[in-house]
Amino acid sequence: MLDAAIIGMGRWGQTLVDSVQGSNDAGIRFVAGCTGRPERAAEWAARQGVRILPDFDAVLADPAVKAVAIASPHGMHAAQVVAAARAGKHVFVEKPFTLTKASAEQAVAACSAAGVVMALGHNRRFLPAVAEMKAMLADGRLGTLLHVEGQFSGPGALAYKPGMWRADRDESPLGGMGGMGIHMVDMFINLAGRIAEVTVQSHAKVIDNGLDDTTAALMRFETGATATFATLAYAPRYWRVALFGTDGVAELQGHERLTFTPREGEGWVRDFPKTDIERAELAAFAAAVAGGPAYPLPAEQAIHGVAVYEAMIGAAASGSTYRVA
C-alpha cells in the first residue's frame with residue numbers, strides 16, 4: 001500500500017482522496033496533506049483519516065509519506081514536483097502539469113534524477129472508449145487519419161470570484177484551458193500524436209471577471225492531420241472528441257457512447273461501462289511505484305502537452321500561428 005499525502009484540499013483534492021480512500025485494492029491511501037485554508041478542510045480530513053500538516057515542507061519531511069498527489073494552484077506545480085522529487089517522494093500531479101515547457105522539463109528531470117515515479121492526472125486516458133478509439137486507429141479501421149475535432153466545455157467560470165486563484169488570469173490563461181481544455185489537448189496527443197502548430201482565438205464574450213470564456217483553436221499535427229478545438233467556460237457541460245479517417249469516423253460523445261460511421265456499410269453505436277477515472281489513474285500510479293506497468297502517460301508527452309499550451313497562449317496573444325517548440 002502506497003502511503004500518500006494530498007497537496008491542496010479544495011474540491012479537486014478531496015475528489016482524488018475520496019476516489020480511493022478506504023479501498024484496499026486501489027493500492028494507495030492518503031495519510032496526510034496540507035492546504036492553504038486548513039479550517040475549511042478540517043472536518044473532511046478528520047472523516048477521511050488525513051492528518052493536516054502545517055505546510056508542504058512538513059509533508060516532505062514526514063517519513064510516513066512516500067508519495068504526494070499535487071492538487072494545488074497551477075503555478076505552484078513545477079516547484080512542488082521538483083521539491084518532492086528531491087525529497088524522494090513519488091509524484092502524482094494534476095493538470096496542467098506546469099505552465100511552461102522549460103519548467104516541465106525541469107520537473108521531469110528532477111524526478112528522473114531522483115528515481116521517483118511521476119504521473120500526470122489526465123484521467124480521460126483511462127476511459128475504455130478511448131482505448132477502443134486508439135485500437136481503431138492502430139488496426140486501420142479508420143484508414144488514414146485526416147482530422148480530429150474536440151470540445152470540452154462547462155460553466156465553471158460562473159463560480160470564479162475575485163480573490164480565488166482560478167480567477168487569476170496568470171493561473172487561468174485562455175479561460176477554460178487550465179481546468180478543461182488541457183484535457184482535450186492531451187487527448188489529441190494520446191490519439192493522434194505530436195502537435196506541430198496552433199492558431200488560437202480567445203476572448204470574453206459574456207463574463208466580466210477578467211478571464212476568457214470562449215477559446216477556439218485550429219491545429220496541425222506532425223503527421224499533417226489537422227484538428228479543431230474549443231473550450232467554453234460559460235456553457236453547459238459537454239465533452240466530445242471525433243476522429244475523421246479515410247475509411248471511417250469514430251466519435252465519442254460524453255465518456256461512454258462511441259459511434260462508428262464507416263465509409264461504406266453499416267456503422268454501430270456502443271455504450272461502454274462507466275469508469276471511476278480518478279480512482280483508475282491513482283491506482284495506475286500506485287502500481288507503477290510498486291514496480292508494475294509504467295504509468296500510461298510518457299514524460300515526453302507530458303512535456304509536449306505543456307509546450308502546446310504555451311504555444312496556444314502565445315498564438316492567442318499575437319493573433320498569429322505559433323509553432324510548438
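Angles between axes that are under 35 degrees count as roughly parallel, those over 145 as roughly antiparallel, those from 65 to 115 as roughly perpendicular, and the rest as oblique. I start there since the talk begins with helix pairs. What we are looking at is a predicted model, in which local features need a pLDDT of at least 70 and side-chain atom pairs count only at pLDDT 80 or more, while totals for chains, interfaces and linings use all residues. Residues are numbered from 1 along each chain as its sequence is written, and side-chain values use heavy atoms, with hydrogens and water left out.

Let me take the helix pairs in turn. Two packed helices are described by the angle between their axes and the distance between the axes. The axes here are lines fitted to C-alpha atoms, for helices over the stretch in contact, and the angles run from 0 to 180 degrees between N-to-C directions. Helices (H or I, at least four residues) and strands (E, at least two) are DSSP runs, numbered from the N terminus.

Helix H4, residues 77-86, and helix H5, residues 101-114, have axes that come within 8 Å and cross at roughly 10°, and H4 and H5 are therefore roughly parallel to each other. On the H4 side the meeting residues are Ala78, Val81, Val82 and Ala85, and on the H5 side they are Ser103, Gln106, Ala107, Ala110, Cys111 and Ala114, where contact means heavy atoms within 4.5 Å.

For helix H1, residues 11-20, and H8, the axes also come within 8 Å, but the crossing is at roughly 75°, so H1 and H8 are roughly perpendicular to each other. Trp12, Thr15, Leu16, Ser19 and Val20 of H1 make this contact with Glu278, Arg279, Glu281 and Leu282 of H8.

H7 contributes Ile182, Val185 and Ile189 to the contact, and H9 contributes Gln301, His304, Gly305, Val308, Tyr309 and Met312.

Now to these two helices one at a time. How many of the residues of H7 are buried? The count is 12 of 12, so that H7 is mostly covered, with buried meaning under 20% relative accessible area, exposed over 50%, and partly exposed in between, for a 1.4 Å probe and protein chains only. The end C-alpha atoms of H7 are 16 Å apart, which agrees with the 16 Å that its 12 residues should span at 1.5 Å a residue, the expected span being 1.5 Å times one less than the number of residues. Just after H7, Gly193 takes a positive phi of about 95°.

Helix H9, residues 299-318, has 20 residues and reaches 29 Å from its first C-alpha to its last, close to the 28 Å expected. Among its buried residues are His304, Tyr309 and Met312, and just after H9, Gly319 takes a positive phi of about 70°.

Next come the charged pairs. A search of the whole structure finds 16 salt bridges, each being a side-chain nitrogen of Lys or Arg within 4 Å of a carboxyl oxygen of Asp or Glu. Arg141 and Glu132 meet in one of them at 2.9 Å, N to O; Arg141 is partly exposed at 30% relative accessible area, whereas Glu132, at 16%, counts as buried. Glu132, Asp139, Arg141 and Arg270 are linked in a network of salt bridges.

Glu222 and Arg194 meet in another, at 3.1 Å, N to O, and because Glu222 lies in the loop between strands E9 and E10 and Arg194 in the loop between helix H7 and strand E8, the pair ties together parts that are 28 residues apart in sequence. Lys274, for its part, forms a salt bridge with Glu256, with the closest N and O atoms 3.5 Å apart.

Ile6 sits in strand E1, residues 2-7, and is buried, with a relative accessible area of 0%. Leaving aside its neighbours within four places in sequence, Ile6 is in contact with residues including Leu16, Val17, Phe30 and Val50.
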